[in-house]
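Here are some friendly notes to read alongside the model.

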Amino acid sequence: MYETIKRYTSAFSVSGREKYLANLICEELKPYTDSIKVDAMGNVIAFKKGKSSAKKLMIASHMDEIGFIVTAIDDNGYVRVSNVGGINPIYSSYQTVKFENGTKGVTVIDTSVKKDYKVKDLVIDIGASSKKEAMKKVAVGDLCAPVANLTRLMGKRIAAKALDDRLGCAIASVSCKNAKTPAYDTYYVFTVQEEVGLRGSLPAAFGIMPDYSIAIDVTATGDTVGAKAMEVKLGNGAAIKLMDSSVICSQFMVDSMVNCAKRNGIKYQLEILEGGGTDTRSMQVTGSGSHAGCISIPTRYIHSPVETIDLKDAEACEKLLTTLVTEGIE
Amino acid sequence: MELFKRAKTITEICAVSGREHVAFEELKERFGHMFDEIFTTPTGSFVGIRRCGKPNAKSILFDAHLDEIGFMVKKICDGGFLKVSGIGGTDTKVLSAAEVWIHGKEKIAGVFASTPPHLRESDDNEKLFLNDMYIDTGMSKEYLEENTPIGTVVTYKTTTEKLLNGHIVGKSMDDKISMCTILEAFDLLDGEDLNVDIIAQFSGGEEIGYIGATTAAFKAAPDYAVAIDVTNSYIPEAPIRKMGNKLGGGGVISYSGTTSRPFTKHFIEVLNKENIPHQIVGEPGRTGTNAHVLQIARDGIPTALISVPLKNMHTQAETATLGDLENIAKALAALAKSL
């Protein structure tokens, strides 16, 4: 799991430009699937034939991460940017970022702004001394994101960028390898453009038309400094989602997940996330609808470059997912 | 069934968005006999179809949403208090001291705790947020942990009552009284020789983003659709621009940017011909109703919108009139007969 997380968080994969991670996942999972393809949107769809083909199960974890898109380059060679996905300017300031072509830069805040920072107050210094020089390396429309970083804390925890949702991808990937024979025809989908409105999973789900669907994504925790009332704690196990701002999970899926966790002694907790959406919604509402649920990984400081998780939670999430895939949903 | 009794029965059903399936059995039992076929969806919609019996008949779908706004338990606190998260757009201004049902393993009553005026600081007039409020149950924390775990839904406790002049008041008139108009229309059409199949769609998840209407309509695949929802009616000093419709003036038909103009026009012509009272409103863009998503379900469904005038929307004292319900039922029946 740890190695997979490290590999996946190292890939460049800002929303809309997920092909590097997609290629990595395709190569890695090919031997474990009946078929694997990349669709027109860029979603990776890994298919495993089930014991029964009467039902279809779709699993979604998103490959994309939030980042910046270049809007202009000013006369001093500063790169002006807009956000791709939900950027918090404080979380994203004074970071080293990397563009798709490998160019590096640092994000700095316009010092004339004293408070209420907006994304437009962030600029990127790539070291250029003029507009002309900057334009040799960076063009309008280029994307960038924080450089890969991963730190182990106290051995059991990890702080890294883009665990939202590379960790979900890692869990789905490990599960895809571990789930020898799924109960139903199962589609492990690694989706694009989640951070900009759940856009990849919607057409992917339309193509599949699942009966059951499970998203794997991160959730906030109530034990983060200054958090609102929330029962989820880091280290307390896989979080079974009841609701977030985009979806109310099907009772049927919630019950199935809880029963599965109880039966197999998997540590779990129930989750209500009051700010944030997931691919669960798009899978729930596609076509005539599916029974949709979400396994969430408790995560502190989401959308910062030091998103922090507990490896035990990630392992519990993987075990829960794999057991649901192999034992079926009941 | 007498109209008030039907309105009371339906509005007192508790079906919070995302948890509408708890009402399916009751709906089937009470109204199942009115349909030839029934299906439900994973997204909380209950759909009843009555066939006209003619080969290759087209179909018209009447949509009203089954779900209501409510709350979900998110934390169990010491002293018998619960913290909840909102489902749909609750007006927190009117929550203080509201009575609720908590639908745990055992259904228990509760009340939103409020600070009495005697104890309030003088500058305590700021807007309340749900996150600052608690539901008082009077039970022990141990009992609550067992009986009302995280995820338990909470609804208003109000019953539906008659006021004077055919007015009725209760919770979740939005949008269960519109379900009532559809059922009344089905009664009016009983035994009529129709050219179209008629579909009653009681959709889930409207209050959380129209999820039940779009998915159920995808499955039902009708040729025409009418959404029936509620609309704010005039109260003193209200901005006329937004609340020009009158309680008792009949259903409010919307010409909007996201409904079908030809179909809406046809609907209005039918009502004029049949002398069925109605009101007309112009809305530039989205209507905030299922009409918006029905119009773009599948490869597009010509959709009209008719609304029940309502006072005090999204509170536990939503007020409507029986006369409007009757007129909307007549309107839907006339429309079905015209096709």
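1. A salt bridge here is a side-chain nitrogen of Lys or Arg within 4 Å of a carboxyl oxygen of Asp or Glu. With that in hand, 1 salt bridge is counted between domain 1 of chain A and domain 2 of chain A. Please keep in mind while reading that this is a predicted model.

2. Which residues form a salt bridge with 3.0 Å between the closest N and O atoms? They are Glu100(A) and Arg17(A). By the domain assignment, domain 1 of chain A covers 2-65 + 161-327, while domain 2 covers 67-146.

3. On the polar side, 4 residue pairs are in polar contact between domain 1 of chain A and domain 2 of chain A, with both residues at pLDDT 80 or more. The side of domain 1 of chain A that touches domain 2 of chain A is made up of 6 nonpolar, 3 polar and 5 charged residues.

4. As for the extent of this domain contact, 14 residues of domain 1 of chain A meet 13 residues of domain 2 of chain A. Between them the two domains bury about 1,100 Å², and 62% of that lies on carbon and sulfur atoms. Their centres, taken over C-alpha atoms, are 30 Å apart.

5. Now to the two chains. How many residues does the contact take from chain B and from chain A? Chain B gives 27 residues and chain A gives 23 residues. About 2,000 Å² is buried between chain B and chain A, 64% of it on carbon and sulfur atoms. In chain B, the residues that lose the most area to chain A are Arg19(B), Pro42(B) and Ile150(B), which together make up 29% of what that side buries.

6. Between chain B and chain A the count is 2 salt bridges. One of them joins the side chains of Lys75(B) and Glu231(A), with 4.0 Å from N to O.

7. Strand S4 (70-76), strand S5 (81-87) and helix H5 (211-220) of chain B each supply at least two residues of the side that touches chain A. That side of chain B divides into 10 nonpolar, 12 polar and 5 charged residues.

Conventions. Residues numbered from 1 in each chain as written. Chains lettered and ligands numbered in written order. Predicted model: local features only at pLDDT ≥ 70, side-chain atom pairs only at ≥ 80, totals over all residues. Heavy atoms only, no water. Domains from an automatic or database assignment. Contact = heavy atoms within 4.5 Å. Buried area = accessible area lost by both parts, 1.4 Å probe. Polar contact = N/O pair within 3.5 Å; in protein donor to acceptor, adjacent residues only side chain to side chain. Nonpolar A, V, L, I, M, F, W, Y, C, P; charged D, E, K, R; others polar. Helix = DSSP H or I, 4+ residues; strand = E, 2+ residues; numbered from the N terminus.
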